[in-house]
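I opened a new structure today and kept notes as I went. Here is what I looked up, entry by entry.

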Amino acid sequence: MVRRIGNFGVVDTPHGLMSFSIGAWNSGFPGSTYHFSQPPSWYEEKKNIAGFDIIPMGANNDMPDELREMLDEFYSGEGILGKIQGLQWGEGPRLYREEYTEEGDIVRKWVQDKEVMKWLKSWDYENELLRCHTDLVHGFGFFFKVLMTRGHRIGLQPRIDSLKHVQVNRARLEYPGEGKDYPERVIVGNYQRPSIDGFVAYPLFNKMRPLDYPVSMGYQNIYSFCKSFYSTPRFYGAYSWIKLASGIAPLLSAYNVNASAISYHIESPAEYWQAAEDKLKENCRIKGIEYTDKMLEDFKTETFKEFSSAMTGTENVGKFMHTISEYSNLKNDFHGWKVQPIDKKIKEYIDAQIAIANKADSASTSGFGLHPSLSNIMVDGKMASGSEMLYALKTYIATETAIPEMVLFAPFNAIIEANYPDRDLKLGFYRKIVMKEDEVTPSKRVVNQQ
């Protein structure tokens, strides 16, 4: 098979690829240039979609989808975020009441309340909490919908029926009206295929007055520095590194399939093809037919095939190729067919790509904010020791869980307080204290748990 672009071509043979250039004084591929640009600030912008002025999420209002695609391509992205979510989740959500010890410390007293738990389980609170937590871990924010029971319509005591997670790519905050600092509504619809019939506006949930509306929506987030409405994830700053890390595997795969298979580069002089063109024209004149440029192109293709076949055929094993060079007064140099074995420097190339991949892994992991020992990432080919992992785990729980937990449970605890104002109950994550093995009773150590 021959593939040609102008005077450059590649021939696929049973023994590998060969590249040709015609009349080439300089051989090789043109250089490639990569352009990285930072999108303009979108934090204070507004965009009209389906008749609503919304605050876009990202420069093109597609940041959630962009992050999803980036994480789909990055081999360890979802794994790292899964670790973060698991570390924050611990043993799962439980009801508790805050109490003060005699020493003045605040502790959580975990309690069981059958009535509250029955209501929470009636709307599958754990699943809704998990979905909200997933969005919070990925994008530092989540949307939710709060629904009231219908009893208040006939004079019964107003109560919250349930809280439902809403996918972040389907909801946007409405742009604040004139003289207002913060949105008052959430607009929900299909932002990839907007249509005016598919968008619904909901009043913004107020956790200080959770019973104001039959149905309301809220956006809960970890505030990002100098960004008024939405948050951006920590790893967004490592976007270029993550894209680089994601591109190395396809690059090496393509190299193995294509570039690494090219074993020879053949250069042919322009004079050879000029003489061939003159001969073709003379033959056409003798035969009385019209000459076309396609005749020369077909001749080039056939010549490539014949030349490559002469070099790679099994009957030619052990033989050699002879070419003739002639002196050109015009070029003041010898010219003729040249067969050049390509020094692919595979080891150097692979080593360079691995070095880039290691740097990209390190930068990407730092962007996610998780210690490599907790991410199952090897640094310089070494896994962390058990004591290092234990120290990193305790440090993470002590420093990286309080704020996400506060943000995640705020709307859940607001509706618990609205329905059970006298119980003084909250939801929070329960975590067991992790100890070293030498601090554990021998009979209870992992090695003896068979």
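**Ground rules.** Before anything else, my terms for accessibility: buried means under 20% relative accessible area, exposed means over 50%, and partly exposed is in between (1.4 Å probe, protein chains only). This is a predicted model, where local features need pLDDT of at least 70 and side-chain atom pairs count only at pLDDT 80 or more, while totals for chains, interfaces and linings use all residues. Residues are numbered from 1 along each chain as its sequence is written, and side-chain values use heavy atoms, with hydrogens and water left out.

**Entry 1, salt bridges.** I started with charges. Side chains of opposite charge can pair when their charged atoms come close. My cut-off: a side-chain nitrogen of Lys or Arg within 4 Å of a carboxyl oxygen of Asp or Glu. Searching the whole structure, I got 13 salt bridges.

I looked at R423 and E115 among them. Their closest N and O atoms are 2.6 Å apart. Which parts does this pair tie together? R423 is in the loop between α11 and β18 and E115 is in helix α3, so the pair links parts that are 308 residues apart in sequence. (Helices are DSSP runs of H or I with at least four residues, strands are runs of E with at least two, and both are numbered from the N terminus.) I checked the cover too: R423 is partly exposed at 26%, and E115 is partly exposed at 45%.

Next I went to E282 and R285, where the closest N and O atoms of the salt bridge are 2.4 Å apart. Both sit in helix α6 (residues 270–287), three residues apart, which is about one turn of the helix. I reminded myself of the rule: an α-helix has 3.6 residues a turn, so residues three or four places apart point the same way.

For R68 and E69 I noted 4.0 Å, N to O. R68 is partly exposed at 39%, and E69 is partly exposed at 44%.

**Entry 2, strands.** Two strands pair if DSSP finds at least two bridges between them. I found β6 (residues 93–100) and β7 (residues 106–110) pairing in the antiparallel sense over five bridges. R97 stands opposite K109 in β7. Their hairpin has five residues between the strands, and G104 there takes a positive phi near 90 degrees.

I also traced an open sheet of three strands, in the order β10-β11-β12, with antiparallel pairing. Which strands are at the edges? They are β10 (171–173) and β12 (200–203), each pairing on one side only. β10 pairs with β11 (residues 185–188) over three bridges, and A171 stands opposite V188 in β11.

Helix α2 (residues 77–89) has 13 residues. I got 18 Å from its first C-alpha to its last, close to the 18 Å expected at 1.5 Å a residue; the expected span is 1.5 Å times one less than the number of residues. Its buried residues include I80, L81, I84 and W89. Just after α2, G90 takes a positive phi of about 60 degrees.

I wanted residues other than glycine with a positive phi, and I wrote down two. D124 has a value of about 55 degrees and is found in the loop between α3 (114–122) and α4 (125–139). D424 has a phi near 55 degrees and lies in the loop between α11 (402–419) and β18 (426–429). How much of each is uncovered? D124 is partly exposed, with a relative accessible area of 43%, and D424 is exposed, with 52%.

Last stop: W241, L244 and I356 make a nonpolar surface patch of about 230 Å². Patch residues have over 30% relative accessible area and no salt bridge; nonpolar side chains (Val, Leu, Ile, Met, Phe, Trp, Tyr) are joined within 5 Å, like charges within 9 Å. The areas come from the Shrake-Rupley method with a 1.4 Å probe, and for residues only the protein chains shown count as cover. I placed W241 in helix α5 (residues 239–257). W241 is partly exposed, with a relative accessible area of 33%.
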